[in-house]
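Dear colleague,

Please find the structure below, handed over for your records. My notes on it follow.

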Amino acid sequence: MRNWSNSIAATRQITFLVFQEFSNHGLANLMEPFRAANSLLRRQAYRWQIITPDDRPVTSSSGLPVMPTMPRKDLGRGDLLFVISSYGQKELATPANSAMLRSLARQHRRVGSIDTGSWLLAQAGLLDGRRATIHFDLSDSFAERFPHVDVERMRWVEDGDRITCGGATAGFDLSCELIGQDHGAALVLEIGQMFLSGMPSQPRTVSRLGGDRRVDRCLSEMSANIEAPLPMPELARRAGCRQRDLEQRFRKLFGASPQKVYRRLRLDAGKRMLQEGGLAVAEVALRCGYADASAFARAFREEYGAPPRSFLDRGVGYGSG
């Protein structure tokens with residue numbers, strides 16, 4: 001069963017090692033959920049640095065230049081190293097780069113990669129005897145070149161302290177999965193809402209948390225009925241299952257009941273309204289399905305540890321450093 005809302009206090013230190021011709025889509029998809037987590041938690045739960053092999057700027061496959069945030073020699077110990085490469089992996093798999101990766105791996109508790117970064121890790125011997133994935137187009141040649149790696153066609157694969165991701169789009173979901181491990185499914189659900197705010201579909205987070213079409217349908221109904229919440233029997237009917245079955249599915253995916261998830265969705269919506277400004281707390285309460293502003297305030301404080309007024313017109317952003 002997944003953790004719903006338990007949150008670690010430590011700040012995770014993340015290093016993004018970016019190679020020439022990388023996909024900026026991949027870098028952004030990995031990084032943005034961590035930035036969003038910091039903003040939603042209102043503290044620096046994640047801190048990151050960008051480094052390059054020679055401490056010089058690198059250019060993405062689309063021509064976007066990226067500057068390293070610090071020299072590699074100044075990098076200390078970290079929690080997670082992400083190796084980001086996309087094109088020319090065979091040319092990048094040099095003895096010097098392999099030695100660099102082995103050194104960086106010793107400085108980090110976990111090592112991950114995206115796109116063709118798995119090729120570089122395997123060349124450095126960092127995936128021997130491990131399960132791993134790579135961009136699907138390279139799966140066969142990757143398996144042939146590195147017979148000591150157990151290659152799987154998956155969006156991402158976690159094997160102990162090694163995490164490999166097959167492509168840029170999956171990178172967003174992977175980062176959300178890692179955030180969920182640290183801070184629970186409730187925060188991941190809110191991150192999904194943040195990036196898809198205003199869209200009529202259900203939060204994309206569901207697919208990252210395991211996928212279940214009945215839960216998907218229920219979340220869609222919850223998201224569409226914030227101001228006038230639906231009773232659980234009606235939600236179960238619209239999801240196409242019995243209420244008991246729905247509750248079991250939610251507890252498996254989120255570690256929480258559908259009632260608790262629904263309340264979080266309503267309060268998340270209220271928090272966004274408060275941050276956008278222009279509405280009194282009482283009006284926000286009504287728009288979130290609370291006829292009593294005091295009841296809304298109590299639920300809000302219980303969920304976020306602070307009163308609604310503390311979020312008025314407040315947009316907090318935290319990043320690298």
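Leaving aside neighbours within four places in sequence, Met-222 is in contact with Leu-235, Phe-250, Pro-258, Tyr-262 and Leu-265, where contact means heavy atoms within 4.5 Å. Please note that this is a predicted model, in which local features need pLDDT of at least 70 and side-chain atom pairs count only at pLDDT 80 or more, while totals for chains, interfaces and linings use all residues. Residues are numbered from 1 along each chain as its sequence is written, and side-chain values use heavy atoms, with hydrogens and water left out.

Met-222 is also among the residues with the most contacts inside the largest nonpolar core, together with Trp-4, Leu-219, Phe-250, Phe-254, Val-261 and Phe-296. That core has 38 residues. A nonpolar core is here a set of buried Ala, Val, Leu, Ile, Met, Phe, Trp, Tyr and Cys residues joined through side-chain atoms within 4.5 Å; buried means under 20% relative accessible area, exposed over 50%, and partly exposed in between (1.4 Å probe, protein chains only). At least two residues of this core come from each of H7 (185–195), H9 (213–224), H10 (232–239), H11 (243–254), H12 (258–276), H13 (281–287) and H14 (293–304). H12 gives the most, with seven residues. Apart from this core lies another, of 33 residues, among them Val-66, Ala-170, Cys-176 and Leu-178. In soluble globular proteins, nonpolar side chains tend to be buried together.

**Helix H10**

The buried residues of H10 are Met-232, Glu-234, Leu-235, Ala-236 and Ala-239. These residues pack against H9, H11 and H12. H10 is followed by Gly-240, whose phi is positive, near 85°.

**Individual residues**

Glu-21 is in the loop between strand S1 (12–18) and helix H1 (24–41), and is partly exposed, with a relative accessible area of 36%. Asp-115 is found in strand S6 (residues 108–115) and counts as buried, at 11% relative accessibility.

Ala-297 lies in helix H14 and is partly exposed, with a relative accessible area of 26%. Its C-alpha atom is separated by 8.1 Å from that of Ala-285, 12 residues apart along the chain.

**The chain as a whole**

The protein chain has 14 helices and 10 strands; helices (H or I, at least four residues) and strands (E, at least two) are DSSP runs, numbered from the N terminus. The radius of gyration is 21 Å, close to the 20 Å that the globule rule gives for 321 residues, so the chain is as compact as a globular protein of that length. This radius is taken over C-alpha atoms, and the rule is 2.2 Å times the number of residues to the power 0.38. Along the principal axes, the C-alpha atoms fill a box of roughly 65 × 40 × 35 Å.

Buried residues make up 51% of the 321 residues. Of the contacts with a separation of 6 or more, 67% are between residues 24 or more positions apart. The chain exposes about 14300 Å², of which carbon and sulfur atoms supply 48% (Shrake-Rupley method, 1.4 Å probe).

Yours sincerely
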